[in-house]
Amino acid sequence: MFEKGDYVIYGSTGICCVEGVTTINIAGIPKDRIYYILRPESRTESKIFIPVDNQKKIIRKVISKREAEELIEEIPEIDPMDIANDKLREEKYKECIQSCDCRELIRIIKTIYLRDKKRMEQGKKATAVDERYLRLAEENLYTELSMLLGIPKNNMESYITSRIRQKETIGKKFMYCK
């Protein structure tokens, strides 16, 4: 159970602060059902009431700063998705977004990046579906990492890229020292 002050990821809403835990006095709703009161970071004037026993949308604690740094280190080893059937592509993207799993978001980003690169080589544009899910995956991932690392969200892509390049450079130096 989450506590007041915890930061959580709630479905596609993204980062929310748990403002409290309460019951709701509304006709037709069981008086003993307990709800989280969530305040979305993107819309601080809003509040969301979600049952503690919610089974429909994923709610998870925000990863730690250490986990964020480790995740960035792992990015080169995270495989893109292998989706042979274009008709199932959007469904698979949607499942990954709804999972609220940072590694799945990275898989979407890597998949779409490689797919767009290939399409450009063929003289084709990115698809609307790919563009939409790339924006969603980047928004969700970069928002969480930005909060944890204290780096503006619009700088996250360049920060991640530089960290990966730095790791590759260091790795190459050590390969020659053996």
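Biologist: How far apart are the mean positions of the positive and negative charges of the chain?
Modeller: Please bear in mind that this is a predicted model. The chain carries 34 positive and 30 negative charges.

Biologist: In what order do the helices and strands follow one another from the N terminus?
Modeller: The chain contains 5 helices and 5 strands. From the N terminus on, the order of the elements is β-β-β-β-β-α-α-α-α-α.

Biologist: What percentage of the residues of the chain count as buried?
Modeller: The C-alpha trace spans about 65 × 40 × 25 Å along its principal axes. The chain exposes about 11500 Å², of which carbon and sulfur atoms supply 52%. Among contacts with a separation of 6 or more, residues 24 or more positions apart account for 53%. Of the 178 residues, the share that counts as buried is 38%.

Biologist: Which residues are the closest to the centre of the largest pocket?
Modeller: The largest pocket has a volume of about 620 Å³. Its lining consists of 19 residues, with at least two supplied by each of helix 3 (102–121), helix 4 (128–149) and helix 5 (156–176). The closest to the centre are I109, K110, Y113, T161 and I164.

Biologist: Is Y93 buried or exposed?
Modeller: Y93 belongs to helix 2. Leaving aside neighbours within four places in sequence, Y93 is in contact with M81, I83, I108, T111, I112, R115, V129, D130 and Y133. Since the relative accessible area of Y93 is 0% and the cut-off for burial is under 20%, Y93 counts as buried.

Biologist: What is the C-alpha to C-alpha distance between Y93 and I83?
Modeller: I83 is among the residues in contact with Y93. The two are 10 residues apart in sequence. In space, C-alpha to C-alpha, Y93 and I83 are separated by 9.8 Å.

Biologist: Why does C100 count as buried, and what is its phi?
Modeller: C100 lies in the loop between helix 2 (86–99) and helix 3. C100 counts as buried because its relative accessible area is 4%, and the cut-off is under 20%. Most residues other than glycine have a negative phi. C100 is not a glycine, yet its phi is positive, at about 60 degrees.

Biologist: With which residues is L105 in contact, leaving aside its neighbours within four places in sequence?
Modeller: L105 is found in helix 3 and is buried, with a relative accessible area of 4%. With neighbours within four places set aside, the contacts of L105 are C96, I97, A137, N140 and L141.

Biologist: Where is G14 placed, and what distance separates its C-alpha atom from that of N54?
Modeller: G14 is in strand 2, which covers residues 14–23. G14 counts as buried because its relative accessibility is 12%, and burial requires a value under 20%. Beyond neighbours within four places in sequence, G14 is in contact with V8 and I9. N54 is 40 residues from G14 along the chain, and their C-alpha atoms are separated by 16 Å.

Methods:
Residues are numbered from 1 along each chain as its sequence is written. This is a predicted model: local features need pLDDT of at least 70, side-chain atom pairs count only at pLDDT 80 or more; totals for chains, interfaces and linings use all residues. Side-chain values use heavy atoms; hydrogens and water are left out. Helices (H or I, at least four residues) and strands (E, at least two) are DSSP runs, numbered from the N terminus. Buried means under 20% relative accessible area, exposed over 50%, partly exposed in between (1.4 Å probe, protein chains only). Contact means heavy atoms within 4.5 Å. Accessible areas come from the Shrake-Rupley method with a 1.4 Å probe; for residues, only the protein chains shown count as cover. Lys and Arg count as positive and Asp and Glu as negative; His and the chain ends are not counted. The place of a charge is taken as NZ of Lys, CZ of Arg, CG of Asp or CD of Glu. On a 1 Å grid over the protein atoms alone, a cavity is a set of points where a 1.4 Å probe fits but cannot get out, and a pocket is an open set with protein on both sides within 12 Å along at least five of seven lines; lining residues have an atom within 4 Å of a point. Grid points are joined across faces, edges and corners, and a volume is the space filled by probe spheres set on the points.
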